[in-house]
Amino acid sequence: MIVPAARVIRLGLILTLALAVPAVAISAGTGGGTGALSTALGLVIVVAFFTISKLAVGAVARRAPHLLLPAALGTYALKIAVLGVVLLGLQDSSALDLPTFAWSIFGGVFAWMGAELWVATHTRVPFFDPDRPGAWDATRRPPAR
């Protein structure tokens, strides 16, 4: 069993919105429309990156828990490849302020990591499968010394 995706996504979106309001305002004040666009685009990329992960891994966890690790790694590898292509396409763009874009991604990632950490530490999720017979068998304990 894993932490429900909806709780993490909801908190991640709330934290990203709380970050986006002042970040876009500051970026607009210091960099104009280019700064605001850069900040908004960076945060949208972070939201898409984390949301896709949570939805994909959550779907696999419900249907085929034994494929959870390959699904998580495959999703991550695909997202990194797509992100690399997007970033390569944006590297020479004059429509973006690249340092502002990078800092917004940095802040967004920490907001989502905070959401993941908060939900994981405030949700009671067992480290075993309570529905599987024999998941915990006290007779299989190692002998006490």
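Is Thr75 buried or exposed, and what is its relative accessible area? Thr75 is buried, at a relative accessible area of 16%. (Buried means under 20%, exposed over 50% and partly exposed in between, using a 1.4 Å probe and protein chains only.) Thr75 sits in helix 2, and once its neighbours within four places in sequence are set aside, it is in contact with Ile52, Ser53 and Ala56. Contact here means heavy atoms within 4.5 Å.

A quick word on the ground rules. This is a predicted model, where local features need pLDDT of at least 70 and side-chain atom pairs count only at pLDDT 80 or more, while totals for chains, interfaces and linings use all residues. Residues are numbered from 1 along each chain as its sequence is written, and side-chain values use heavy atoms, with hydrogens and water left out.

Now the overall picture. The chain has three helices and zero strands, giving the pattern α-α-α along the sequence. Helices (H or I, at least four residues) and strands (E, at least two) are DSSP runs, numbered from the N terminus. Of the chain's 145 residues, 28% count as buried. Among contacts with a separation of 6 or more, 77% come from residues 24 or more positions apart.

Here is how two of the helices look in length; the expected span is 1.5 Å times one less than the number of residues.

| Helix | Residues | End-to-end C-alpha distance | Expected span |
|---|---|---|---|
| Helix 3 | 24 residues | 34 Å | 34 Å |

Back to Thr75's own helix: Ala71, Thr75, Lys79 and Leu90 are buried in helix 2, and the buried residues of helix 2 pack against helix 1 and helix 3. Helix 3 buries Thr100, Phe101, Ser104, Gly108, Ala111, Trp112, Ala115 and Val119, and these pack against helix 1 and helix 2.

How do helix 1 and helix 3 meet? Their axes (lines fitted to C-alpha atoms over the stretch in contact, with angles from 0 to 180 degrees between N-to-C directions) come within 10 Å and cross at roughly 150°. Helix 1 and helix 3 are therefore roughly antiparallel; angles over 145 degrees get that label, under 35 roughly parallel, 65 to 115 roughly perpendicular, and the rest oblique. The residues of this contact split into 20 nonpolar, 12 polar and three charged. Nonpolar covers Ala, Val, Leu, Ile, Met, Phe, Trp, Tyr, Cys and Pro, charged covers Asp, Glu, Lys and Arg, and the others, Gly among them, are polar.
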